[in-house]
Every structure is written in C-alpha cells, then in structure tokens.
Amino acid sequence: MSSNQIHRLGRRDARRIAVRAQLLAAPRPTDVLEVVRRLGIVQVDLTPAVAPNVDLVCWSRLGRAYDPTEVDDLLASHRLLDLDGLLRPADDIALLGAEMRQWPGPEPLREWQIELREWMDANDLCRLDIIDRLREEGPLPAREIDDTCLVPWRSSGWSNNKNVVRMLEMMERRGEVAVVSRERRERVWDLAERVHPRHIEVVPYEDAERALRERRLSALGIARVKRPEVPGEQWGVGDVGERAVVAGVEGEWRVAPEQLGQPFRGRTALLSPLDRLVVDRGRLTELFEYEYYLEMYKPAAKRRWGYFALPVLHGDRLVGKLDAAADHRAGVLRINALHEDVPFTAAMTSAVDREITGLADLLGLEVVRA
C-alpha cells in the first residue's frame with residue numbers, strides 16, 4: 001500500500017491490533033523463546049508482590065504451559081540475554097552491537113553523554129581491573145569486585161557512590177561485560193565475550209536503529225511516531241510501518257501492516273503493571289480509555305487499587321484491576337479486591353476466576369479471598 005495512504009481506525013480496531021500484536025488474543029502461543037522474540041523485550045523486574053515481571057508476562061501469554069525454569073534454561077544456554085534490565089533474544093546483539101561500539105552515542109553528544117564518557121575515562125583503571133578480575137575468576141556479583149574508581153559516581157538517587165555497579169552497567173552498554181545470572185535479586189557479571197553470541201555480524205548503526213523500530217512496531221501493533229524518552233526500550237517508532245489515525249484521538253499513529261485486516265478472538269488475562277501492553281500510560285489512556293497507576297510507591301492510605309494491582313484484560317478492553325499478593329510463607333495468594341471498571345457479567349467473573357486459579361497454580365499457592 002502506498003505510504004501516502006492513511007488507515008482510518010476506530011478505537012476498537014486499534015485496541016485489537018495492540019492486543020493481538022502482544023500475543024494476548026486467542027489462541028495462546030506455546031513457546032517461551034518465541035514469546036520473547038515476538039514481544040521484543042520483557043522487563044526484568046523482581047518485585048515479589050505477586051511474581052517477577054518475566055513470569056507474569058510469559059504466564060499471561062502461555063498460561064498453564066508456562067514453566068519458569070524454561071527462562072532459566074534459556075538464559076543459562078545464552079539463547080536469551082538479560083541486557084540492561086531487559087530480557088531479549090541473544091541474536092539481538094547483531095542490532096545492538098553498533099550502538100555498543102558507539103557508546104555513549106553517535107555525535108553530537110548531549111551534555112549528559114559527555115559527562116558519562118568523562119567519568120568512564122577518569123576511572124579507566126577500574127574498568128581494566130574489572131576485566132582482569134572477571135577473566136581470572138569468572139562470574140562475580142558487584143559486591144565481590146573491588147572499587148578502584150578514582151572519581152566517585154555522584155547522584156541524588158540510590159546510585160550515589162555505587163561506583164562498581166555503575167561501572168559495570170556502563171561496561172554492559174559498551175558490550176564489555178554481561179549479566180550471566182541473578183542470585184536472588186543480585187546480578188552476576190561475566191565478560192560479554194563468554195555470554196554474547198560469537199561470530200555474529202553486527203548491523204550498521206542506522207540500519208540497526210531502523211530494524212529495532214520496525215520490531216518495536218511489530219510488537220506493539222500500533223504506536224506513536226514520537227513518545228517521551230524513558231530508560232531502556234523506547235515507545236516511539238519513527239516513520240516505520242504505515243500511517244494511521246484513530247477516531248476520537250488526535251494526531252497520527254503508525255501501524256504494523258501485518259496486523260491490518262486480521263481476525264480477532266479475545267480472551268481474558270491478568271497483566272503485570274509493567275506489561276508492554278499497558279506500560280505506556282499515554283497510549284493506554286488514548287486507545288483503551290483506561291486509568292491506571294502503579295501505586296507501590298504511594299502511602300497505603302492513598303492507594304485506590306492496591307500495592308501491585310494487576311490490570312484485567314477481557315477481549316479488547318481493560319476492565320478492572322486485581323489487588324493480589326503472594327504470601328509464600330503462608331502458602332497463599334491473597335485476593336484483597338477485584339476492582340471492576342465496568343460491571344462484570346457472570347462470564348467475565350468466571351473467566352477472571354480461572355485466571356486467578358491459574359496464577360495461583362503457577363506460584364504453587366492456594367487462593368484466599370479477603
């Protein structure tokens with residue numbers, strides 16, 4: 001289709017494209033590696049309120065077929081990478097390699113990028129010490145690596161003076177070290193040459209950037225050309241895909257052409273607050289007309305839906321929030337509340353109950369309702 005043509009979509013059309021692209025329509029996928037490939041990225045967040053984000057995302061797609069040990073096996077075999085806090089296919093190194101080589105970015109550099117480079121240059125002896133230590137001793141957590149930085153890392157946040165951790169994270173972005181595993185909540189580091197795929201042909205920077213935007217749009221189905229920059233994976237897709245407008249929503253969108261005109265058969269799913277379907281709160285409001293905030297950082301008295309409420313998807317609509325908490329010591333999944341944004345039918349309630357039971361089975365817990 002001509003790139004000058006504009007697809008005119010209703011909100012329902014746009015939602016269905018988004019849901020289907022995120023593998024949340026029926027039928028379910030069946031393979032963990034394929035899920036991560038199709039989603040492009042899965043945020044690695046270990047918040048234990050219900051389950052780690054990777055488990056929630058994969059389970060919401062695969063259902064009872066999901067086994068968390070499969071992710072561990074894929075990471076151990078280096079078919080998946082834990083890179084910059086994102087789970088992604090190992091062959092993504094072909095697309096990320098050029099960016100790693102150009103760290104902290106292509107010219108002209110922004111002020112904050114120049115500051116990063118200057119900090120790394122000032123502490124190059126520490127960087128070399130880390131490489132030597134990992135080469136000699138193998139994988140290590142940051143706490144076992146000596147801090148030989150000459151210039152401390154200064155920040156108003158949690159990372160202030162966390163010199164070794166910040167050095168490792170920047171070395172990761174340069175393609176020098178990689179996360180090889182996690183022990184509880186702690187990353188274990190090794191040389192990237194032992195973790196990243198070998199003999200891989202790196203795609204030139206500009207080609208790789210476009211390919212990543214195309215994959216992002218394929219995973220999202222429909223997205224804005226530009227969105228505010230956030231740490232990690234971005235939400236904007238630039239000029240890839242085809243132009244679209246959504247009725248009742250201002251501005252132009254880009255849509256993945258392979259998603260146009262496809263049949264849709266919805267299902268019910270409980271989503272992580274960090275799920276890629278919902279994490280762009282702007283798109284969430286515009287397309288789904290759904291209000292949601294992650295309230296774990298709010299005082300308990302000011303929470304509307306709960307500490308780590310799970311968005312409830314039914315068909316192409318987000319219809320509520322599930323306030324649940326996993327208590328492994330007591331062996332229970334506590335259901336504190338099910339907030340209905342719209343009145344639930346008996347069929348909706350039954351479908352949500354089945355998902356709650358499935359989640360409890362995944363965690364090896366018994367459902368207890370408040």
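This is a predicted model: local features need pLDDT of at least 70, side-chain atom pairs count only at pLDDT 80 or more; totals for chains, interfaces and linings use all residues.
User: How many cavities of 30 Å³ or more does the structure hold?

Analyst: First the general idea: rolling a probe the size of a water molecule over the atoms shows where empty space is left. On a 1 Å grid over the protein atoms alone, a cavity is a set of points where a 1.4 Å probe fits but cannot get out; a pocket is an open set with protein on both sides within 12 Å along at least five of seven lines; lining residues have an atom within 4 Å of a point. Volume is the space filled by probe spheres set on the points, which are joined across faces, edges and corners. Here, there are three such cavities.

User: Which residues line the largest cavity?

Analyst: Among them are Gly 40, Ile 41, Asp 92, Glu 233 and Arg 276. The space inside is about 60 Å³. By class, two lining residues are nonpolar, one is polar and six are charged (Ala, Val, Leu, Ile, Met, Phe, Trp, Tyr, Cys and Pro count as nonpolar, Asp, Glu, Lys and Arg as charged, the others, Gly among them, as polar). Helix α9 (residues 205-220) gives the most, three residues; helices (H or I, at least four residues) and strands (E, at least two) are DSSP runs numbered from the N terminus.

User: What is the volume of the second largest pocket?

Analyst: About 660 Å³. Of its 27 lining residues, Leu 46, Pro 52, Asp 55, Asp 72 and Arg 184 are the closest to the centre. Helix α4 contributes the most to this lining, with five residues. The lining has 17 nonpolar, four polar and six charged residues.

User: Is Gly 138 buried or exposed?

Analyst: Buried means under 20% relative accessible area, exposed over 50%, and partly exposed in between (1.4 Å probe, protein chains only). Gly 138 has 8% relative accessibility, so this residue counts as buried. Gly 138 sits in the loop between α7 (124-137) and β5 (140-141). Leaving aside neighbours within four places in sequence, Gly 138 is in contact (heavy atoms within 4.5 Å) with Arg 133, Trp 189, Asp 190 and Arg 194.

Conventions: Residues are numbered from 1 along each chain as its sequence is written. Side-chain values use heavy atoms; hydrogens and water are left out.
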